[in-house]
Amino acid sequence: MGVDLRNISCLFGRTPAVRDISLRVSNGEFLALVGPSGAGKTTLLRIIAGLEPNYTGQLSIGARDVTRVPARERNIGFVFQNYALFRHMTVAENVAFGLRVRPRKRRPARAAIAARVSELLELVQVGPLAQRYPTQLSGGQRQRVALARALATEPELLLLDEPFGALDPLVRKEIRTWLRRLHERLGLTSILVTHDQSEALEVADRIAVLRDGSLEQVDTPDALEDRPSSLFVHQFLGETVGFDASAGTDGAILSLNGPWNGTPARFPEPATAPGPGPGRRHLSLRPWEIGLEPTDAQGAARVTGMGRAGPFLRYAVRAPDGSHAVEVLRPSSLPPLPEDGGCALDLRLARVFAQPGADDTGA
Amino acid sequence: MSVSPPLRRSPMALGLTLLAWLAAVLFLLLPLASLGTEALRKGLGGVLRALADDDALAAIRLSALVVAVCVPVNTVCGLFAAYALTKYDFPFRGLLLVLIELPLSVSPVVAGLVWVLLFGAHGWFGPWLAAHNIAVVFALPGILLATLFVTFPFVARTVMPVMESQGRAPEEAATMLGAGFGSVFLRVTLPEIRWALLSGVLLCAARALGEFGAVSVVSGHIPGQTETVPLHIETLYNGYDTVGAFSLAAVLALCSGAMVASRTLMDWLRGRRSVAR
């Protein structure tokens, strides 16, 4: 079921943890909340769950306003960061819990509960482990049991708080593609919190980037990568290389500033600039988006070192005065550049932002 | 389950072990043995006669009553105090933590004295109580209050670390699954802490049974009426009735020993079970 957040704010003491967030998640969508630690993503998830009752704003799930509805009546499946399985119960008892605690009138018969439990355990592929205790399971198995338990009460909204955090990388990859398929198969609406952008990019339909409690941008993974609304978003989603530059009256970039001043370079078309008019700009690129063209021109950048990086060659490229260097990745299929040779920079793929912070030039 | 490396045997370890055993024999076993031999100096008949004495029986009954009242009350109170302190955050939480530990650090004599100051004949509420013909000090209520005060921390203190280590996650998980407060407490919180709770209850019982100082101040030492077992032992000893004193002392020591033993047995059983899992 869809979720509609309107002007949600939440204070922790006097510090705002979530500032005025409005966000709509449509039915069947898989949304990822990402951001650095302390950005408020877990708080936002807990507000949706009802576990953080002190918030202002309005919250609807489906057509129902749940702003003042307590957590236990929201019918939301929640998968906790460390799974929070009940240690004194077997796997089957854990999964059955949500059905067993229902008031008598809505409680399914014993046999029906047992059938539902084994169906769920088959669904998450841990059927043979029904009689084990949580301490006897591996991380991946606990993760699956936690998911089965959350799904037992047939929630239409599934919330996941860093669900892959405690898993080793191989299991992680496997379980997230599996989770994505499960989401589609069951027609769920899911919201996932993660600090790992690659996880979000792989699994989610849309990604909401949070910073200091505010929503920075919500968009599809492609749009976030191609048209980040701020330098922060671009930097958060992956490694970046930055250059300061100046723009002319028509908004076109004229030259690089600082140590790269005078280096021959190609710039993006004015259309991608944040606004017309002259002023300071910041160009931000992924390390593999920078083109290097050998040249003997005056003030050219110098290649000072290289190494292998998977399918790329990694070049250290130094500013003409030697004070500043960036790392550039170039497909190893291209002819290698000579060591200590001069080169021009092709920055046509850069995202252009206005007025960067003074120290935002870093790689 | 984490696997710790096997314990090593070395001359150093052997020496330390011997030292520990020596201390145990010298300071624990030897006094206990003397307790037994002193009690049995006039044969088993002497012990039985000492225990069948009216005042001794009254003291045993009173001690049993004190345990029967204080242990359940402090179990419930301690449980809720621990729950509130570990699962919720509220103003002056730190202060409440200190207050709970206060009885452990305050001398039992002081713990008894405060009740006399409050409810004694010249205490704050003394005149009012006297006017309404209610006896607190030098009567059963005083003894119960003093023992409750002294034994309050045990359940809370043993249960809190376990609750703390689990955080609020199990409760929150149960809430998200639709369980109300009662269900969460009975089906999730309580089972997860049951071993620590049992251990705390036994500790509390052992202390309630053995408490001397605080009770001594408020009881008034009326033989057959306000003397618990430890107080009666002192009275007998001061009256040069060594056989009587040591017989009762031996009974007390046996009770405490049984409680400690059952706690150890419980831990051992639990350890075996979790390995078997």
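**Two chains, one predicted model**

Visitor: Why does B:S262 count as partly exposed?

Guide: B:S262 counts as partly exposed because it has 13 C-beta neighbours inside 10 Å. A residue is called buried if 20 or more other C-beta atoms lie within 10 Å of its own, exposed if 12 or fewer, and partly exposed in between, with C-beta atoms placed from the backbone. This is a predicted model, in which local features need pLDDT of at least 70 and side-chain atom pairs count only at pLDDT 80 or more, while totals for chains, interfaces and linings use all residues. Residues are numbered from 1 along each chain as its sequence is written, and chains are lettered from A and ligands numbered from 1 in the order in which they are written.

Visitor: Which helix does B:S262 lie in?

Guide: B:S262 belongs to helix α14 of chain B, residues 242-276; helices (H or I, at least four residues) and strands (E, at least two) are DSSP runs, numbered from the N terminus. Its C-alpha atom is separated by 12 Å from that of B:A205, which is 57 residues away along the chain.

Visitor: How many helices and strands in chain B altogether?

Guide: Chain B comes to 14 helices and zero strands. Buried residues account for 33% of its 277 residues, and the C-alpha atoms fill a box of roughly 65 × 60 × 30 Å along the principal axes.

Visitor: And which residues are buried in α13 of chain B?

Guide: In that helix, residues 229-238, the buried ones are B:V229, B:L231, B:H232, B:I233 and B:L236. After α13(B) comes B:Y240, which has a positive phi near 60 degrees.

Visitor: Where does B:F92 lie, the other one with a positive phi?

Guide: B:F92, whose phi is about 60 degrees although it is not a glycine, sits in the loop between α3 (54-87) and α4 (93-105) of chain B. B:F92 is exposed, because there are 9 other C-beta atoms within 10 Å. As background, most residues other than glycine have a negative phi.

Visitor: What is phi for A:D20, over in chain A?

Guide: Phi of A:D20 is near 45 degrees, again a positive value in a residue other than glycine. A:D20 is placed in strand β2 of chain A, residues 15-25, and counts as partly exposed because it has 14 C-beta neighbours inside 10 Å.

Visitor: Changing topic, what domains does the assignment give for chain A?

Guide: An automatic or database domain assignment gives domain 1 (3-232) and domain 2 (239-354), and their C-alpha centres lie 41 Å apart. From the record, an unreviewed UniProt entry lists residues 3-237 of chain A as "domain: ABC transporter", with the caution that such annotations may be inferred rather than shown by experiment. Over residues 3-237 the chain is 35% helix and 26% strand.

Visitor: How many residues of chain A are in contact with chain B?

Guide: There are 20 from chain A, in contact with 18 residues of chain B, where contact between two residues means that their C-beta atoms, placed from the backbone, lie within 7 Å. On the chain A side, the elements giving two or more residues are β6 (76-79) and α2 (91-100). The residues on that side divide into 11 nonpolar, six polar and three charged; here Ala, Val, Leu, Ile, Met, Phe, Trp, Tyr, Cys and Pro count as nonpolar, Asp, Glu, Lys and Arg as charged, and the others, Gly among them, as polar.

Visitor: Which residues have the most contacts inside the largest nonpolar core?

Guide: That core has 85 residues, and those with the most contacts inside it are A:A32, A:L33, A:I48, A:A49, A:V95, A:A148 and A:L159. A nonpolar core is a set of buried Ala, Val, Leu, Ile, Met, Phe, Trp, Tyr and Cys residues joined through C-beta atoms within 7 Å. Apart from it lies another core, of 55 residues, including B:A81, B:F152, B:L236 and B:F246.

Visitor: What ipTM does the predictor give the complex?

Guide: The ipTM is 0.80, and the pTM is 0.79. For chain B the mean pLDDT is 87, with 95% of its residues at 70 or more; pLDDT is the predictor's confidence in each residue, from 0 to 100.
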